[in-house]
Amino acid sequence: MEKLFYPNREEAKKARIRNICEYQELVEEAKEDYEGYWGRLAEEKIDWFEPFDQVLDESNPPFYKWFIGGKLNVSYQCIDRHLESRKNKAAIIFEGELGDKRVITYRELYYEVNRTANLLKNRFGISKGDRVVIYMPMIPETTFMMLACARIGAIHSVVFGGFSADALRDRIEDAQAKLVITADGAYRRGKPYMLKPIVDEALSKGCESVEKVLIVERNGEEIEYIEGRDYLYNELVKQESPICEPEIMDSEDPLFLLYTSGSTGKPKGVQHSQAGYILHAMVTMEMVFDIRENDTYWCTADVGWITGHTYIVYGPLAVGATTIIYEGVPVYPDAGRWWRMVEEYQVNQFYTAPTAIRLLHKTGIEEPKKYDLSSLRILGTVGEPINPDAWLWYYNEVGGGRCPIVDTWWQTETGGHMISPIPFATPIKPGSATNPLPGIMAEIVDEVGNRVPQGEKGFLCITKPWPSMIRTIWNDPERFKKSYFGDVTKDGKPIYFSGDGAIYDENGYIVITGRVDDVINVSGHRLGTAEIESAIGNHDNVAEVAVVGKPHQLKGESVFAYIVLKSEDSLGEDVELLKEINSIISKEIGAIAKCDEIMVVSGLPKTRSGKIMRRILRAIAKGEKINQDISTLENPAVVEEIEKKFQMK
Ligand code: WT7
């Protein structure tokens, strides 16, 4: 049995949840009276303009509604209500990659967000329900934009800055955005990089719905400026009034869209709500990060992903915490950058991705020793399974053997943490997210909803709706139903399936084994193999392609493509082909989806009905044994061919 790491008893006394019994009590409370539990929290945590009169409406599954009739405003929840007791407290501490610093107090945040909200409303005619695409670097203005949208009831869709012009255009068009907000660019690896030209390119290829582009000046590099369409934020915003009344929003009005990849087709616009979303963000800030009044909290994610939304912006601000925003990469100017920042800002909670931990472990194993990291109280990970090596280094060298690691499992669709240790209550171990949070009915089941026995792999499902769940896929309710409520049933009724496989280990803890669908996880970035295949398919000489994830030391998984060529005559070097393919992927999706390796094969294994057997291709790439009868395939010989090629590598 693997060793468990127990929380420090003295520290535990000061925590919100002090031991496993207190955790268990909450679990029981939620089990006995599910709606009562969530209703109690909603009353306690949210400053309602008007109270809700019903906790949960399950009349039209899977379109669940929470806190019916309640009125609120999320920007009010994140800012205004702190003005009395925290007006001069740092809301945001920003550090640029080159070392420039900014501290924004709650009072300043209030003015900035209000001015921005007025600008959006008055100058650009943005009103409740309009979609605004935000394509921005990691700077404070990005949060002003998000909160300004929330203030006036506009629906933001943040697009990660690593996506290409084509990917940006698809997202703008799907959401029918009226306004695009961007920056000239920012700094990365010590050099300026550009975003505005990518917006220009996206808009030159369609995006009829876009009326205006708002540009934040960050790196001061030269940009093209289209008269009548483009506006510079920094000067304009100063002319606006610092007071903007918050729009009164319904609990179920959409707060934002965030596009994510599925196993088929184009990216899905995951739609989140107001009340349920902000409630769960707050509850988990308190339960999982045990956030306290004087804490300095740092989540290193990019706001372009859900982690950035919930745990850099909405969660920390809603609970009145101090949240750090860092612009650049973890290894600039060296692999000690983050630890130096932990020391300088006396960070108490540090939350990052396993891929970053692996990188820093590999390139800067001795770096943590050079800094005083004694302020740290809780460490966190998210996004992918973490290997014991990296976990132990993080635990011992970064956390000094003192800090619990919360391995948090959740998804874009869940809005916030679902499965995670409680820092000072749950004994932890490397590679396990341990138990579901109170009020989250996560279970590993088989196809018909029966809980799997210990040690047996099953589907990770959520058997009851929860407040911060995805409400629908933007403009595509049918796809919403099919994507999440199609595969697994319980008592004959569809339940939410996450797409992940998992097992209960010998402690009864949940261990995530990874996606069981055609979604891969590269450096914590979620990519659909179907999208990458469709890009590669645009190469002139590619007849057929199948993309799978291949285990990778730093990235967790890398993109691996099996390729059948149209003409073997023009078969150049694989290196050449790989280059060509990657330039297509970079153009259609972004550099994050580039292939690490390709393998040219004479055919893909298929069933007699012509379905590509991805499971086999995945197993080979992972170096696993094929425990499936291949003799019934249409072309069993190609499996042997592919296996041989692998052995020769
Ligand atoms: C997928 C969701 C949640 C924010 C970041 C990713 C994987 C997430 C863990 C974890 C193992 C994890 C799952 C999940 N994942 N957290 N702690 N251990 N795997 O959000 O892009 O929506 O991806 O990330 O496979 O389904 P996302």
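Predicted model: local features only at pLDDT ≥ 70, side-chain atom pairs only at ≥ 80, totals over all residues.

Biologist: Which residue is the bridge partner of Tyr504 in E27?

Modeller: Tyr504 belongs to E26, which covers residues 496–504. Across in E27, its bridge partner is Ile510.

Biologist: What is the strand order of the open sheet of four strands?

Modeller: The pairing in this sheet is antiparallel. Strand E21 (442–445) and E27 each pair on one side only, as edge strands. On average, neighbouring strands are turned by 45° against each other, direction ignored. Read across, the order is E21-E22-E26-E27.

Biologist: And the open sheet of eight strands: which are its edge strands?

Modeller: That sheet has mixed pairing, in the order E12-E11-E8-E6-E7-E14-E15-E23. Inside it, strand E6 (residues 131–135) and strand E8 (residues 179–183) run parallel, joined by four bridges, and Val133 stands opposite Val180 in E8. Pairing on one side only marks the edges, E12 and strand E23 (472–473).

Biologist: Is the peptide bond from Tyr332 to Pro333 cis or trans, and what is omega near?

Modeller: Most peptide bonds are trans. Pro333 is found in the loop between strand E17 (322–326) and helix H13 (337–345). The bond from Tyr332 to Pro333 is cis, with omega near -5°.

Biologist: Where does Pro62 lie?

Modeller: The peptide bond leading from Pro61 into Pro62 is cis, with omega near 0°. Pro62 itself is in the loop between strand E1 (54–57) and strand E2 (65–68).

Biologist: How far apart are the closest N and O atoms in the salt bridge of Asp200 with Arg229?

Modeller: A search of the whole structure turns up 53 salt bridges. Asp200 and Arg229 form a salt bridge, and the pair links distant parts of the chain, 29 residues apart. Asp200 is in helix H9 (residues 196–204), and Arg229 is in the loop between strand E11 (212–216) and strand E12 (230–232). Their closest N and O atoms are separated by 2.7 Å.

Biologist: Now the ligand: how much of its exposed area does the protein bury?

Modeller: An oxygen atom of the ligand is 2.7 Å from a side-chain N or O atom of Arg526. For Gln411, the distance from a ligand oxygen to a side-chain N or O atom is 2.9 Å, and for Asp500 such a pair is also found at 2.9 Å. Taken alone the ligand exposes 550 Å², and the buried share of that is 95%.

Biologist: Which elements give two or more residues to the shell around the ligand?

Modeller: Of the 17 residues around the ligand, Asp407, Thr408, Thr412, Asp500 and Arg526 come nearest. The shell divides into six nonpolar, six polar and five charged residues. The elements giving two or more residues are helix H12 (306–318), strand E20 (405–408) and strand E27 (510–515).

Definitions and conventions
Residues numbered from 1 in each chain as written. Heavy atoms only, no water. Near = heavy atom within 4 Å. Polar contact = N/O pair within 3.5 Å; in protein donor to acceptor, adjacent residues only side chain to side chain. Areas by Shrake-Rupley, 256 points an atom, 1.4 Å probe, with all protein chains shown as cover. Nonpolar A, V, L, I, M, F, W, Y, C, P; charged D, E, K, R; others polar. Pairing = 2+ DSSP bridges. Axes fitted to C-alpha atoms, helices over the stretch in contact; angles between N-to-C directions. Salt bridge = Lys/Arg side-chain N within 4 Å of Asp/Glu carboxyl O.
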